[in-house]
Amino acid sequence: MDAEDLVVDGNAMGGVLGEVFLHEMTSARVCCSGCGGIEPVGAERVYMQAPGIVMRCSHCEAVMLVVTQRDGRYLLGFQQLQWIDISAGP
Amino acid sequence: MARAAVLGRLNWRLGEVVELIDETPRVRSIVLDVPEWPGHRAGQHVDVRLTAEDGYQAQRSYSIASAPDDERLMLTVELLADGEVSPYLVEELRAGDVLELRGPIGGFFVWDASVTGPLLLIAGSSGIVPLMAMLRHRAAVASREAARLIYSSRSWQEVIFRDELGELAAGSEGVEVIHTLTRTQPPDWQGFSGRIDAQMLKETAFAPGTMPNAYICGPTSFVEAAGRALVLLGHDPKRIKTERFGPTGG
């Protein structure tokens, strides 16, 4: 396995983000404050093996969001994440 | 609580194993009866959580193989030798056992009959699973959009859903299935034997001008190579959706 194979898509984060935001999150758009790139969460790069779950920008690799779960809590660390655009539809 | 219910909050729910199907020596389908399953879309996945006797929990994402139209939920899981969850699911699970599930999850890597344009599916090994849900859904709703699957496996024995794919391709339903076998091939093999690259996709994929919707699923390096090749051939990156399952989920 090469390092590249440790990356998965933002789809893999859909479960935990859905618990926090109460909406379907893989199609929510996020904007990278590093490069301005805008993509659905499902198209970003995610590392599940890191301590916590790390979402990186698919354009510039900047760390956008780190989610850790511990002792019955969620900790969301917003880094290079300018905004999240979530559909309020069903 | 009421608010969570209104918004369809993702809760863990229980599913009972009603059938286990050995697809290949390393891949098993798990058919589940999930009371009050809210329904899903082709391409979505669920998270499966296992809890050990000492309370240790491990969870992984698995694609849904069944169509939204099917009565029961099917997950298809590949055994990873050093995985934490898949060895249990593939080797230990028995009919009557109960699994904890969260889902369905995902609204990005999904297809339904309202999507216009030919359906171009590119699968690497167990990356076939969510694409199979799309093909099953396409058949169930009798979609008229042409569909083509380009499927890379190591050997003929490791082709998941081999018989069903053969039947789909043999029926005059606008489905074509193209296999490439990258490690070993049967003696009389006439098909492809290399890894999927731009040259193979030039020969086999719908032309960019037909505006296909491409769905690529497989190991990360496979998905990146296939995606790059499609872009190189002139396909619109906005019509290419990918699902990388990394070292595989475990």
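Domain bounds come from an automatic or database domain assignment.

**Entry: domains of chain B**

I looked up how chain B is divided, and found domain 1 (2-104) and domain 2 (119-244). The centres of domain 1 of chain B and domain 2 of chain B, taken over C-alpha atoms, are separated by 24 Å. I then listed the contact, which takes 16 residues from domain 1 of chain B and 15 residues from domain 2 of chain B. For this I counted two residues as in contact if their C-beta atoms, placed from the backbone, lie within 7 Å. On the side of domain 1 of chain B that touches domain 2 of chain B, strand S1 (12-24) and strand S5 (73-78) of chain B each supply at least two residues. The residues of that side of domain 1 of chain B divide into 6 nonpolar, 6 polar and 4 charged. My classes were these: Ala, Val, Leu, Ile, Met, Phe, Trp, Tyr, Cys and Pro are nonpolar, Asp, Glu, Lys and Arg are charged, and the others, Gly among them, are polar.

**Entry: conventions**

I note that this is a predicted model, in which local features need pLDDT of at least 70, side-chain atom pairs count only at pLDDT 80 or more, and totals for chains, interfaces and linings use all residues. Residues are numbered from 1 along each chain as its sequence is written, and chains are lettered from A and ligands numbered from 1 in the order in which they are written. Helices (H or I, at least four residues) and strands (E, at least two) are DSSP runs, numbered from the N terminus.

**Entry: chain A overall**

I counted the elements of chain A and got 1 helix and 8 strands. Along the sequence, the pattern of chain A is β-α-β-β-β-β-β-β-β. I compared the radius of gyration with the globule rule: for 90 residues a compact globule would be near 12 Å, and chain A has 12 Å, which agrees. The radius is taken over C-alpha atoms, and the rule is 2.2 Å times the number of residues to the power 0.38. The C-alpha trace of chain A spans about 40 × 35 × 20 Å along its principal axes. I found 39% of the 90 residues of chain A to be buried. A residue is buried if 20 or more other C-beta atoms lie within 10 Å of its own, exposed if 12 or fewer, and partly exposed in between, with C-beta atoms placed from the backbone. Of the contacts in chain A with a separation of 6 or more, 46% are between residues 24 or more positions apart.

**Entry: the helix of chain A and the interface**

The contact between the chains takes 23 residues from chain B and 22 residues from chain A. On the side of chain B that touches chain A, the elements giving two or more residues are strand S3 (45-51), strand S6 (98-105), helix H6 (220-232) and strand S11 (240-244) of chain B. By class, that side of chain B has 9 nonpolar, 9 polar and 5 charged residues.

**Entry: S3 of chain B**

I checked the pairing of S3(B), where two strands pair if DSSP finds at least two bridges between them. S3(B) and S4(B) run antiparallel and are joined by 7 bridges, with Val46(B) opposite Tyr62(B) in S4(B). The two strands S3(B) and S4(B) form a hairpin with 5 residues between them, and Gly55(B) in the turn has a positive phi of about 95°. S3(B) also pairs with S6(B) in the antiparallel sense over 4 bridges; His45(B) has Ile105(B) as its bridge partner in S6(B).

**Entry: S7 of chain B**

I looked up burial in strand S7 (residues 119-124) of chain B: 6 of the 6 residues are buried, so S7(B) is largely enclosed by the rest of the structure. Leu119(B), Leu121(B) and Ala123(B) point one way, and Leu120(B), Ile122(B) and Gly124(B) the other way. S7(B) pairs in the parallel sense with strand S8 (residues 147-153) of chain B over 6 bridges, and with strand S10 (residues 213-218) of chain B over 5 bridges.
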